[in-house]
Amino acid sequence: MAIPWLVVLQSVPWTDVVRNDPRLADGAKTLWNTIAGKPPLPETEAAGEIPAGSSEDPAIVKLRMQLAALETATADLHAQMLASSELIKALAEQNTQLIARIESNRVRVRRQAAVLAVVGAIAVFGLALVLVR
């Protein structure tokens, strides 16, 4: 059985959502500025390459290969973090727009309810006048 949309919308604490929206947007912008301001890590040589005719100890060569692999993984994680923070920023901006639209709809519904109440009162008054005659 589906939950009626009205029940779902009524269960959302809209006052908290509206109150926290500026903090969410500011936090997303701060995250974006922090992440975007960091320079990407430099590209390293491929991790699988073993220098030919190397006179170094094989353990050192293995450690260098592991270091190169870790640097590549760190660069990949940085790129993913940058993409994630960009997505969070976009979602925060959309959330801000959504909150603004919800607020304007709430005001519009209240105005319509007031007009409906006035029209209903006039209709009841008119009906009372017709019935009294």
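Reader: What's the mean pLDDT of the protein?
Author: This is a predicted model, and its mean pLDDT is 79, with 76% of the residues at 70 or more.

Reader: And where is confidence lowest, and where highest?
Author: Helix α1 (residues 5-11) is the lowest, with a mean of 67. Helix α3 (residues 58-132) is the highest, at 90.

Reader: OK, on to the fold. How many helices and strands?
Author: There are 3 helices and 0 strands, and along the sequence that reads α-α-α.

Reader: What's the reach of α3 from its first C-alpha to its last?
Author: It's 108 Å for 75 residues, close to the 111 Å you'd expect at 1.5 Å a residue.

Reader: What share of the protein counts as buried?
Author: Of its 133 residues, 9% do.

Reader: Which residues are buried in α3?
Author: V61, A68, A75, H78, S85, A92 and I99 are.

Reader: Why does S85 count as buried?
Author: Its relative accessibility is 2%, so S85 falls in the buried class, where the cut-off is under 20%.

Reader: What lies 2.9 Å from the side chain of S85?
Author: The backbone oxygen of L82 does; that distance runs to a polar atom of the S85 side chain.

Reader: Switching to charges. How many salt bridges in the whole structure?
Author: A search turns up 1. R106 pairs with E103 there, and their closest N and O atoms are 2.4 Å apart.

Reader: Where do those two lie?
Author: Both R106 and E103 are in helix α3, 3 residues apart, which is about one turn of the helix. In general, side chains of opposite charge can pair when their charged atoms come close.

Reader: And why does R106 count as partly exposed?
Author: R106 has 36% relative accessibility, so it counts as partly exposed. E103 counts as partly exposed too, because its value is 30%.

Reader: One last thing, on contacts between residues at least 6 apart in sequence: what share join residues at least 24 apart?
Author: That share is 76% for this protein.

Methods
Residues numbered from 1 in each chain as written. Predicted model: local features only at pLDDT ≥ 70, side-chain atom pairs only at ≥ 80, totals over all residues. Heavy atoms only, no water. pLDDT = per-residue confidence, 0-100. Helix = DSSP H or I, 4+ residues; strand = E, 2+ residues; numbered from the N terminus. Buried < 20%, exposed > 50% of the residue type's maximum accessible area, 1.4 Å probe, protein only. Polar contact = N/O pair within 3.5 Å; in protein donor to acceptor, adjacent residues only side chain to side chain. Expected span 1.5 Å × (residues − 1). Contact = heavy atoms within 4.5 Å. Salt bridge = Lys/Arg side-chain N within 4 Å of Asp/Glu carboxyl O.
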